[in-house]
Amino acid sequence: MSKEHRIMSGMRPTAKLHLGNMMGALMNWVKLQDEYECFYSVVDWHALTTGYADTSELKEYINEMVIDWLSVGLNPEKCNIFVQSQVKEHAELHLLLSMITPLSWLERCPTYKEQLRQLEGREINTYGFLGYPVLMTADILAYKADRVPVGEDQAPHLELAREIVRRFNYLYKPVFPEPEALYTEAKILPGIDGRKMSKSYDNYIAISASPEEIRKKVMMMVTDPKRIKKSDSGHPEVCTVYAFNKVFGEKDKVNELGESCKKALIGCVECKKNLADLLIKYMEPIHERRKIYEKDPNLIKDILDLGAKKARDVASKTLEEVREAMKI
Ligand code: SF4
């Protein structure tokens, strides 16, 4: 398959990745690496936009994130994996693009206001935080990526990136393609308490969770609150255990489970045990791969060094064009 389109995407190393990240984004990345030329970056500078005060765990999170990526199936022979701060061209391009980006474009960005609200109490009223969509734009444009996998919440950022491209191309010369959104099917997993799976709610199952941890978390999952006794008929559509089955189970078996639940033919404890078995089996090959990388830290270092080199090769050419277009 030809790889005529280039993708750039990143993740912020602010916490351990969980099964929600795996099914929502990472599994798509794994698929995309066969169809597109992919640049996947651990965007550590982005982590600083909200977490600049305590950086004690940043290196550990970067390492863990790369191990998670590789263990779920990203293959450095098919895609390019690197750490953002090892490619300084991102910073130069961010600076140059910030010169042409009107403040009002950043202030009206809906995710900016939303995050300010959500992270109330944390001092993020900073220059860096306001400008992070420009950094994100620089991440994409450094590789002239023409496709960006986005969830709906990131769509405003991509629109902003497209506006910045148009402005740059108009002011100087057409250097950048307008990146287009690549909407991929994201499987949504709830947290074990039924809310969105998130580190801040402490309701997640980490990709690195051991079989014992998986079992423990599954046994804590909230089920149909109206089902008090085993003889009560259940409502699988409101049950977290069922939601997990829909993502990880085979379609026929999931339908069967739904019917058994409604007819009170299965109890929640048994149902949870079955789900724990299913998840543990699903995660087995991922955990096996994880062990290989955990045992050999040099392997990760080599992958990241090579990834950064390949990224720099591309980004430095883009920056040459940018400087030439801007006559600097
Ligand atoms: Fe949920 Fe399973 Fe209990 Fe039904 S039987 S409510 S699907 S845990």
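Me: Does Thr 240 count as buried or exposed, and what is its relative accessibility?
Reply: In this predicted model, Thr 240 has a relative accessibility of 4%. Thr 240 therefore counts as buried, since buried means under 20%.

Me: Which helix is Thr 240 in?
Reply: Thr 240 belongs to helix α11, which covers residues 240-248.

Me: And which residues is Thr 240 in contact with, leaving aside neighbours within four places in sequence?
Reply: The contacts of Thr 240 are Pro 190, Gly 191, Ile 192, Gly 194, Met 221 and Val 222.

Me: Changing topic: how many aromatic pairs does the structure hold?
Reply: There are nine aromatic pairs in the structure. One of them joins Phe 248 and Tyr 282, with ring centres 4.9 Å apart.

Me: Why is that pair of Phe 248 and Tyr 282 edge-to-face?
Reply: The planes of the two rings stand at 80°, so the pair is edge-to-face; the cut-off for this class is over 60 degrees.

Me: Where do Phe 248 and Tyr 282 lie in the chain?
Reply: Phe 248 is in helix α11 and Tyr 282 is in helix α13, residues 268-295. The pair links distant parts of the chain, 34 residues apart.

Me: What is the relative accessible area of Phe 248, and what is that of Tyr 282?
Reply: Phe 248 has 9% and is buried, whereas Tyr 282 has 30% and is partly exposed.

Me: Which residues form an aromatic cluster?
Reply: Trp 29, Tyr 40 and Trp 69 form one.

Me: One more topic: which residue lies over the face of Tyr 201, and which over Tyr 204?
Reply: Arg 195 lies over the face of Tyr 201, 4.0 Å from the ring centre. Over the face of Tyr 204 lies Lys 217, at 4.9 Å from the ring centre.

Technical notes
Residues are numbered from 1 along each chain as its sequence is written. This is a predicted model: local features need pLDDT of at least 70, side-chain atom pairs count only at pLDDT 80 or more; totals for chains, interfaces and linings use all residues. Side-chain values use heavy atoms; hydrogens and water are left out. Helices (H or I, at least four residues) and strands (E, at least two) are DSSP runs, numbered from the N terminus. Buried means under 20% relative accessible area, exposed over 50%, partly exposed in between (1.4 Å probe, protein chains only). Contact means heavy atoms within 4.5 Å. Rings of Phe, Tyr and Trp (its six-membered ring) pair if their centres lie within 6.5 Å; planes under 30 degrees apart count as stacked, over 60 as edge-to-face and the rest as tilted. A charge sits over a ring if NZ of Lys or CZ of Arg is within 6 Å of the ring centre and within 35 degrees of the ring normal.
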